[in-house]
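Good morning. I will take you through one structure today, a few residues at a time. Please keep the picture open while I talk.

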Amino acid sequence: MDHSFLHSKKRLLADDEPELLKMGSAILADEGFQRLVTAANMKEGISAAKAGKPDLAILDVCLPDGDGFTLMEQIRTWTDIPVIFLTARDEAADKLAGLGLGADDYIAKPFLPQEFLLRVYAVLRRCYKEDAAVLKLDSCTVDFSRAEVDKSGEILPFCCFKAQ
(Lines give C-alpha, C1' and ligand atoms only; values in the text may rest on other atoms or scores of the structure.)
Protein backbone atom coordinates (compact mmCIF):
# COMPACT_ATOMS: atom_id res chain seq x y z
CA MET A 1 0.00 0.00 0.00
CA ASP A 2 1.29 3.47 -0.88
CA HIS A 3 1.67 5.54 2.28
CA SER A 4 3.66 8.39 0.72
CA PHE A 5 1.00 11.05 1.38
CA LEU A 6 1.05 10.07 5.08
CA HIS A 7 4.81 10.63 5.30
CA SER A 8 4.26 14.37 4.97
CA LYS A 9 2.26 14.44 8.21
CA LYS A 10 4.05 16.02 11.16
CA ARG A 11 4.23 14.05 14.39
CA LEU A 12 4.87 15.09 17.97
CA LEU A 13 6.61 12.45 20.11
CA ALA A 14 6.62 13.32 23.83
CA ASP A 15 8.51 11.00 26.20
CA ASP A 16 10.87 11.61 29.09
CA GLU A 17 13.12 8.69 28.12
CA PRO A 18 15.85 9.97 25.73
CA GLU A 19 16.44 6.46 24.36
CA LEU A 20 12.77 6.05 23.49
CA LEU A 21 12.70 9.44 21.77
CA LYS A 22 15.75 8.40 19.75
CA MET A 23 14.34 4.95 18.93
CA GLY A 24 10.87 6.28 18.01
CA SER A 25 12.42 8.95 15.81
CA ALA A 26 14.63 6.37 14.09
CA ILE A 27 11.73 3.96 13.48
CA LEU A 28 9.68 6.72 11.87
CA ALA A 29 12.60 8.14 9.87
CA ASP A 30 13.55 4.69 8.55
CA GLU A 31 9.97 4.32 7.31
CA GLY A 32 10.12 7.64 5.43
CA PHE A 33 8.55 10.00 7.96
CA GLN A 34 10.65 13.14 8.17
CA ARG A 35 8.59 15.72 10.01
CA LEU A 36 8.96 14.93 13.71
CA VAL A 37 9.00 17.20 16.74
CA THR A 38 10.09 15.75 20.08
CA ALA A 39 9.48 16.81 23.67
CA ALA A 40 10.89 15.47 26.94
CA ASN A 41 8.15 16.79 29.23
CA MET A 42 4.68 18.27 29.31
CA LYS A 43 5.80 21.91 29.05
CA GLU A 44 7.91 21.16 25.95
CA GLY A 45 5.03 19.11 24.54
CA ILE A 46 2.60 22.02 24.81
CA SER A 47 5.11 24.43 23.24
CA ALA A 48 5.96 21.99 20.45
CA ALA A 49 2.29 21.33 19.72
CA LYS A 50 1.47 25.06 19.54
CA ALA A 51 4.50 26.00 17.44
CA GLY A 52 4.86 22.86 15.33
CA LYS A 53 1.19 22.20 14.57
CA PRO A 54 1.57 18.39 14.42
CA ASP A 55 -0.90 16.14 12.65
CA LEU A 56 -0.47 13.34 15.22
CA ALA A 57 0.67 13.30 18.86
CA ILE A 58 2.36 10.23 20.34
CA LEU A 59 2.46 10.79 24.09
CA ASP A 60 3.94 9.00 27.08
CA VAL A 61 1.54 8.86 30.00
CA CYS A 62 4.25 9.45 32.65
CA LEU A 63 6.03 12.78 32.16
CA PRO A 64 8.21 14.46 34.79
CA ASP A 65 6.08 17.61 35.04
CA GLY A 66 2.63 16.10 34.52
CA ASP A 67 1.06 13.29 32.56
CA GLY A 68 0.16 12.52 28.98
CA PHE A 69 -3.55 12.53 29.78
CA THR A 70 -3.34 16.19 30.84
CA LEU A 71 -1.07 16.99 27.90
CA MET A 72 -3.65 15.54 25.51
CA GLU A 73 -6.43 17.56 27.18
CA GLN A 74 -4.33 20.74 26.82
CA ILE A 75 -3.58 20.06 23.14
CA ARG A 76 -7.22 19.30 22.45
CA THR A 77 -8.24 22.78 23.65
CA TRP A 78 -7.00 24.21 20.32
CA THR A 79 -6.78 21.22 17.95
CA ASP A 80 -8.44 17.87 17.43
CA ILE A 81 -5.37 15.97 16.19
CA PRO A 82 -5.28 12.22 16.76
CA VAL A 83 -3.38 10.98 19.83
CA ILE A 84 -1.64 7.69 20.51
CA PHE A 85 -0.45 6.91 24.02
CA LEU A 86 2.87 5.04 24.12
CA THR A 87 3.57 4.06 27.71
CA ALA A 88 4.85 1.51 30.19
CA ARG A 89 1.56 1.84 32.09
CA ASP A 90 -0.40 -1.04 30.60
CA GLU A 91 -2.86 -1.64 33.40
CA ALA A 92 -6.44 -1.96 32.20
CA ALA A 93 -7.47 1.15 34.17
CA ASP A 94 -4.79 3.25 32.44
CA LYS A 95 -5.77 2.00 28.98
CA LEU A 96 -9.43 2.67 29.68
CA ALA A 97 -8.62 6.15 31.05
CA GLY A 98 -6.58 7.08 27.96
CA LEU A 99 -9.08 5.73 25.49
CA GLY A 100 -11.97 7.16 27.52
CA LEU A 101 -10.43 10.63 27.27
CA GLY A 102 -10.52 10.33 23.49
CA ALA A 103 -7.13 8.87 22.55
CA ASP A 104 -7.09 7.08 19.21
CA ASP A 105 -4.84 4.23 20.37
CA TYR A 106 -2.79 3.01 23.33
CA ILE A 107 0.48 1.11 22.89
CA ALA A 108 2.21 -0.52 25.86
CA LYS A 109 6.00 -0.57 26.20
CA PRO A 110 7.89 -2.60 25.29
CA PHE A 111 6.46 -2.73 21.79
CA LEU A 112 7.40 -4.21 18.45
CA PRO A 113 8.63 -1.54 15.99
CA GLN A 114 6.41 -2.96 13.23
CA GLU A 115 3.35 -2.84 15.51
CA PHE A 116 4.17 0.78 16.34
CA LEU A 117 4.37 1.67 12.64
CA LEU A 118 1.17 -0.19 11.76
CA ARG A 119 -0.74 1.61 14.50
CA VAL A 120 0.66 5.01 13.41
CA TYR A 121 -0.36 4.26 9.81
CA ALA A 122 -3.82 3.08 10.89
CA VAL A 123 -4.53 6.29 12.81
CA LEU A 124 -3.13 8.53 10.06
CA ARG A 125 -5.06 6.69 7.31
CA ARG A 126 -8.30 7.00 9.26
CA CYS A 127 -7.83 10.69 10.06
CA TYR A 128 -6.20 11.95 6.86
CA LYS A 129 -7.62 10.74 3.61
CA GLU A 130 -5.60 11.41 0.48
CA ASP A 131 -7.62 13.95 -1.39
CA ALA A 132 -7.46 17.22 -3.26
CA ALA A 133 -6.19 19.02 -0.14
CA VAL A 134 -2.63 18.15 -1.24
CA LEU A 135 -1.22 19.15 -4.61
CA LYS A 136 2.14 17.75 -5.72
CA LEU A 137 4.15 19.84 -8.17
CA ASP A 138 7.63 19.29 -9.63
CA SER A 139 9.55 21.12 -6.93
CA CYS A 140 7.07 21.36 -4.06
CA THR A 141 3.96 20.02 -2.36
CA VAL A 142 1.07 22.34 -1.53
CA ASP A 143 -1.01 21.28 1.47
CA PHE A 144 -4.21 23.36 1.43
CA SER A 145 -5.52 21.87 4.68
CA ARG A 146 -2.41 23.16 6.53
CA ALA A 147 -1.92 26.29 4.38
CA GLU A 148 1.70 25.26 3.76
CA VAL A 149 4.08 24.67 0.88
CA ASP A 150 6.83 22.07 1.28
CA LYS A 151 9.67 23.08 -1.02
CA SER A 152 12.41 20.44 -0.81
CA GLY A 153 11.87 19.96 2.93
CA GLU A 154 11.49 23.67 3.73
CA ILE A 155 7.98 24.36 5.02
CA LEU A 156 6.60 27.76 4.02
CA PRO A 157 3.21 29.14 5.09
CA PHE A 158 0.95 30.52 2.36
CA CYS A 159 1.42 34.02 3.75
CA CYS A 160 4.96 34.02 2.30
CA PHE A 161 3.65 33.96 -1.27
CA LYS A 162 2.36 37.02 -3.08
CA ALA A 163 0.16 37.04 -6.14
CA GLN A 164 2.07 37.98 -9.27
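Predicted model: local features only at pLDDT ≥ 70, side-chain atom pairs only at ≥ 80, totals over all residues.

I will start with how elements get their names: helices are DSSP runs of H or I with at least four residues, and they are numbered from the N terminus.

Now look for Gly32. Ser4 and Gly32 are 28 residues apart in sequence, yet their C-alpha atoms are 8.0 Å apart in space.

Next, the largest pocket. Its volume is about 400 Å³. How many residues line the largest pocket? There are 22, and those nearest the centre are His7, Ser8, Arg35, Thr141 and Asp150. Several elements contribute to this lining: α1 (4-7), β8 (134-136), β9 (141-143) and β10 (148-151) supply at least two residues each. By type, the lining has nine charged residues, nine polar ones and four nonpolar ones.

Now the aromatic rings. A pair of aromatic rings is described by two things, the distance of the centres and the angle of the planes. Across the whole structure, a search finds four aromatic pairs. One of them is Phe85 with Tyr106, a tilted pair with 6.1 Å from centre to centre and 55° between the planes. These two residues come from distant parts of the chain: Phe85 is in strand β6 (residues 83-87) and Tyr106 is in strand β7 (residues 105-108), 21 residues apart. Are these two residues buried or exposed? Phe85 has 0% relative accessibility and so counts as buried. Tyr106 is buried as well, with a relative accessible area of 7%.

Another pair is Phe111 with Phe116. The ring centres of Phe111 and Phe116 are 5.3 Å apart and the planes are at 40°, so this pair is tilted. Both Phe111 and Phe116 are buried. Going back to Phe85 and Tyr106, ring pairs link these two and Phe69 into a cluster.

There is also a charge to look at beside a ring. Lys50 lies over the face of Trp78, and the distance to the ring centre is 5.2 Å.

On to the salt bridges. The search of the whole structure finds eight of them. Take Lys109 and Glu17, whose side chains meet in a salt bridge at 3.1 Å, N to O. This pair links distant parts of the chain, 92 residues apart: Lys109 is in the loop between β7 and α6 (113-127), and Glu17 is in the loop between β1 (11-14) and α2 (18-31). The two partners differ in their surroundings. Lys109 has 15% relative accessibility and so counts as buried, while Glu17, at 38%, counts as partly exposed.

Arg76 takes part in two of the bridges I want to show. In one, the side chains of Arg76 and Asp80 meet at 3.7 Å, N to O. Arg76 is partly exposed at 23% relative accessibility, and Asp80 is exposed, with a relative accessible area of 67%. In the other, Arg76 bridges to Asp104, and the closest N and O atoms are 3.4 Å apart. Asp104 lies in the loop between α5 (92-100) and β7, and Arg76 in the loop between α4 (68-75) and β6, so this pair ties together parts that are 28 residues apart in sequence. Asp104 is partly exposed, with a relative accessible area of 24%. Elsewhere, salt bridges that share partners join Asp15, Glu17, Asp60 and Lys109 into one network.

Last, the backbone. Most peptide bonds are trans, and most residues other than glycine have a negative phi. Where is the cis peptide bond I have in mind? It joins Lys109 and Pro110, with omega about -10°. Pro110 is in the loop between β7 and α6. The other item is Lys53, which is not a glycine but has a positive phi of about 45°. Lys53 sits in the loop between α3 (42-52) and β3 (56-59), and with a relative accessible area of 54% Lys53 is exposed.

Methods: Residues numbered from 1 in each chain as written. Heavy atoms only, no water. 1 Å grid on protein atoms, 1.4 Å probe; cavity = no way out; pocket = protein on both sides within 12 Å on 5 of 7 lines; lining within 4 Å. Points joined across faces, edges and corners; volume = space filled by probe spheres on them. Nonpolar A, V, L, I, M, F, W, Y, C, P; charged D, E, K, R; others polar. Phe/Tyr/Trp six-rings, centres within 6.5 Å; stacked < 30°, edge-to-face > 60°. Buried < 20%, exposed > 50% of the residue type's maximum accessible area, 1.4 Å probe, protein only. Lys NZ or Arg CZ within 6 Å of the ring centre and 35° of its normal. Salt bridge = Lys/Arg side-chain N within 4 Å of Asp/Glu carboxyl O.
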